[in-house]
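Dear colleague,

Please find the structure below, together with a short account of what was found in it.

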Amino acid sequence: MLLAVLFANSDGNILVERFNGVPAEERLHWRSFLVKLGSENLKGVKNEELLVACHKSVYIVYTVLGDVSIYLVGKDEYDELALSEAIFVITSALKDVCGKPPTERLFLDKYGKICLCLDEIVWTGLLENIDKDRIKRLVRLKPPTDF
């Protein structure tokens, strides 16, 4: 199961988070742990260079894209290999939505569409869609009169 997907800015503030199967009382621990992990290890890392960690029998894959850090936490069948595939799909979708590696401002400007993409990629802790074209089709935002 994909336990968490988090996006944070370079200061460690959470921009988007999705938790699945994580009790509410543990979420604060995960937020602070992941941000601390990123602040210690993501300095000087190239865009989309993947880093891997293991904590409490779960796997963590994280990277940076522009000004945004991306963290994925998984367990069981979502080992570091599956998480690296998931993070690749997420970074590809993020670059498609933003048109380039995002700054924090651009990320927040495109927040709605990013959340739609994330919901199409990861649904209730499972990797749902990995096809780039299918994700684009599913998140097309059309006014209600075009139906």
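How many residues does helix H1 have, and how far does H1 reach from its first C-alpha to its last? Helix H1 (residues 24-41) has 18 residues and reaches 26 Å, close to the 26 Å expected at 1.5 Å a residue; the expected span is 1.5 Å times one less than the number of residues. Helices (H or I, at least four residues) and strands (E, at least two) are DSSP runs, numbered from the N terminus.

This is a predicted model, in which local features need pLDDT of at least 70 and side-chain atom pairs count only at pLDDT 80 or more, while totals for chains, interfaces and linings use all residues. Residues are numbered from 1 along each chain as its sequence is written, and side-chain values use heavy atoms, with hydrogens and water left out.

Trp30, Leu34, Leu37 and Gly38 of H1 are buried (under 20% relative accessible area, with exposed meaning over 50%, partly exposed in between; 1.4 Å probe, protein chains only). Seen down the axis of H1, the buried residues fall within an arc of 90°, so they line one face of the helix; the arc is that of the directions from the helix axis to the C-beta atoms. On the other side of H1, Glu25, Leu28, Lys36 and Glu40 are exposed.

Strand S1 is largely enclosed by the rest of the structure, because seven of its seven residues are buried. S1 pairs with S5 in the antiparallel sense over six bridges (pairing requires at least two DSSP bridges between two strands), and valine 5 stands opposite leucine 72 in S5. S1 and S2 also run antiparallel, joined by five bridges.

Yours sincerely
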